[in-house]
Amino acid sequence: MKLINVCGARPNFMKIAPLMRAYRAHPGIAPLLVHTGQHYDEKMSRLFFDELEIPRPDINLEVGSGSHARQTAAILERFEPVLLEHRPDAVLVVGDVNSTVACALAAAKLGAAVFHVEAGLRSFDRRMPEEINRVLTDAISDLLFVSEPSGLENLRREGIPEHRIHFVGNVMIDTLERCRERAAASGILEALGLEPGNYAVLTLHRPSNVDDPAVLAGLVGALEEIQRDLPVAFPIHPRTRKSLACAGLENRIKAMSGLRLLDPLGYLDFLRLMSEAAVVLTDSGGIQEETTILGVPCLTLRDSTERPVTIAEGTNRLVGMDPDRLLAGYREARRQGRRSGRRPEKWDGRAAERIAAVLADWHR
Ligand code: UD1
């Protein structure tokens, strides 16, 4: 089977890495790797290829940033000739970013099979661009690889035939397990002068949190309080850096003596930073999953999650974007201290192997 694998944005790289490795055990699978170029900064892309030992992409579409329509359209337009040239049997996409839906659509229109890894997740909030990407990608996928039980339920409710759905576990956790030892050797805490168990980590990049100046100002206010209690390491996404500048909040950020504002970190440094944190505050999807496995309390700055298993079994709690609720959640997490959740079913570091085995058996 000639299989084109697609990655484009930072959270895709941890998911594609174990798959590219797992294909090696199956000589019947001939993989190609396409990078759409949705993320392109050294620290948002290249660094991850090096650290996660992902093969260099065979093709880079170099689409870069743009509005949703422009970015999605550019990927569609540039991916189609790749499909026409290579004539793959199937295209595998991961996650829920614009690259995911665009490449799935181009492939389906040309008659290639579409495989979606991390299918079935639903926040039920259509204001999130990722929710639109998830719903559309799943609707045109031939095989849907699911990471948690809610995904199974959602796909069944949407009428996806059972034979297309495979509950395989979480490829993101494959990467976490593989990298844990190497991450433990990272010197990031020492470099930042942080003590294990005695600092918080913050990440923030959702448009709903960072694109609205009033919401962002509220979060900055809460951060002012938190960093008085505990040092906060904040590796900042390029989108958020721009939003802080546009909202005129840079001076308030600079004035916080407990805040360590950092450039985006590589995977290994960030994994070490998360592992030893007292608490993680985030609006990312993947971090809710990683903290569940690391047993670090996670406060999610959103009103919904498409990953409910991290609440039912893990360490995650939704605190929304309201500063008072966020601070109440923070105090509660500090009182409780570290608590280990249960490991969700099949989050065992072998999800990519299961996927590769299904693919090796697949025929139309
Ligand atoms: C994208 C995904 C989001 C994912 C996030 C992880 C979509 C709709 N969103 O959001 O689901 O959680 O990636 O990071 O696909 N930029 C740079 N350098 C880069 C990449 C982006 O400076 O390498 C800046 C650009 O100003 C760009 C902005 O960040 O306009 C946003 O990038 P974009 O890819 O549109 O979305 P993300 O917010 O990164």
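**View 1. Salt bridges across the predicted model.** Welcome to this structure: a search of the whole structure finds 30 salt bridges. Please keep in mind that the model is a predicted one. One of these pairs brings together the side chains of Arg 239 and Asp 211, with 3.0 Å from N to O. This pair links distant parts of the chain, 28 residues apart. Arg 239 belongs to helix α11 (residues 238–246), while Asp 211 sits in the loop between α9 (207–210) and α10 (213–229).

View 2. In the side chain of Lys 242, an N or O atom lies 2.4 Å from an oxygen atom of the ligand.

**View 3. Two domains of one protein chain.** The chain is divided into domain 1, made of residues 2–169 + 347–363, and domain 2, made of residues 179–336. Their C-alpha centres lie 27 Å apart. Where the two domains meet, 24 residues of domain 1 are in contact with 22 residues of domain 2. Between them, the domains bury about 1,900 Å², and 58% of that area is on carbon and sulfur atoms. Which three residues supply more than any others of the area that domain 1 buries against domain 2? Lys 43, Glu 51 and Trp 347 do, with 30% of that area.

**View 4. Polar links between the domains.** Elsewhere in the model, Arg 134 forms a salt bridge with Glu 306, and their closest N and O atoms are 3.6 Å apart. Between the two domains there are also seven residue pairs in polar contact. On the side of domain 1 that touches domain 2, at least two residues come from each of α1 (10–22), α2 (46–51), α5 (129–139) and α6 (149–157). The residues of this side divide into nine nonpolar, three polar and 12 charged.

Methods: Residues numbered from 1 in each chain as written. Predicted model: local features only at pLDDT ≥ 70, side-chain atom pairs only at ≥ 80, totals over all residues. Heavy atoms only, no water. Domains from an automatic or database assignment. Contact = heavy atoms within 4.5 Å. Buried area = accessible area lost by both parts, 1.4 Å probe. Salt bridge = Lys/Arg side-chain N within 4 Å of Asp/Glu carboxyl O. Polar contact = N/O pair within 3.5 Å; in protein donor to acceptor, adjacent residues only side chain to side chain. Helix = DSSP H or I, 4+ residues; strand = E, 2+ residues; numbered from the N terminus. Nonpolar A, V, L, I, M, F, W, Y, C, P; charged D, E, K, R; others polar.
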